Amino acid sequence: MGLMIAGVYHAEDPAPDSTLDGAFRRQASTIRNALPGTALEPERFHLYAAWNCPWAHRVLLVLALKGLQDLVTVAYAEPRRTADGWVYAEGADAVYGASALHHAYARVTPAYTGRITVPLLWDRLYDKAVSNESADLVRMLGTLPGHGPNLAPPEKLDQIEAWNGKIYTRLNNGVYRAGFARTQEAYEAGFQDVFATMDEIEAQLAANRYLCGDALTEADLRLFPTLARFDVAYHYAFKCNLRRLIDYPNLWGYARELYALPGVAETVKFDIYKLGYFSPSELRNPLGIVPLGPEIDWTTPHGRDSLTTRSVKA
């Protein structure tokens, strides 16, 4: 992954995420401004995203469920990164015409130093970066008044934060800790966290429709991108192969219910996930061969209202 130092792009990162002990450690986001105000002016904000990035997926889910797609323009990167990092086909960035994401980061003031990551939200009115931290964007956009449900209501905030912290460390990032590990010990630590957390969520969903009870919250949207990628990518490419998502009755029914929500299926691109996660990698897939399977039907009835696949409180 490329790096920008004082506004200058470097294709080779001098400080890799996998440290000497073999453990993967994700770099923190550094552009973390607030949205100006509580209303979105049409087409004022421009989002740089990539279909196969789970962190960008979080924000795309919020746009879909809050009905913000017509207010925020989106540029989608090509499925596989190159020496230029995330790149955009001609016309993909209809606002600024960037052919690579680092061209957008080059406009950041003061001069940016850090990884070139999606999502990145840009304010076209003031020509400035708002944020490249997906958690902040999910919270800011998810709580905007006048656009669908509040995805982080105050009365559920403690539960949301507890699930967010656990799921991010042990599952969202846990699959990467397993997949990017460079020692057996580091791999096993990530692997164990992934499946302990999935087992805990499976138990939670036996008695609750969503993570925080009977209402959808941002915690569910922060979990879903990992579930959508699990069986087609993480199970194989990242060696998270103790169980599949479809082996968990409650999690699998829950995931399909989220997938069936209006606008969610349009944010999911299984073929692109495989293309991205099975791209050439010395560590995971040196030949870059993309598997044809698995074949999984996310559109079959999920049984959440009939108790035939889950015991759930509706």
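Helices (H or I, at least four residues) and strands (E, at least two) are DSSP runs, numbered from the N terminus. This is a predicted model, in which local features need pLDDT of at least 70 and side-chain atom pairs count only at pLDDT 80 or more, while totals for chains, interfaces and linings use all residues. Residues are numbered from 1 along each chain as its sequence is written, and side-chain values use heavy atoms, with hydrogens and water left out.

Gly7 sits in the loop between strand 1 (3-5) and strand 2 (8-10). Gly7 counts as partly exposed because its relative accessibility is 25%; buried means under 20% relative accessible area, exposed over 50%, and partly exposed in between (1.4 Å probe, protein chains only). Leaving aside residues up to four places away in sequence, Gly7 touches Ala111 and Tyr112, where contact means heavy atoms within 4.5 Å. Between Gly7 and Tyr48 there are 41 residues in sequence and 18 Å in space, C-alpha to C-alpha.

Two features of the backbone come next. Most residues other than glycine have a negative phi, and most peptide bonds are trans. The bond from Thr109 to Pro110 is cis, with omega near -5°, and Pro110 belongs to the loop between helix 2 (101-105) and strand 5 (114-115). Gly293 and Pro294 are also joined by a cis peptide bond, with omega about 0°; Pro294 lies in the segment after helix 9 (270-277).

Glu43, not a glycine, has a positive phi of about 65°. Glu43 is in the loop between strand 2 and strand 3 (45-50), and its 45% relative accessibility makes it partly exposed. Lys239 has a positive phi near 60° and lies in the loop between helix 7 (218-237) and helix 8 (249-259). At 41% relative accessibility, Lys239 is partly exposed.
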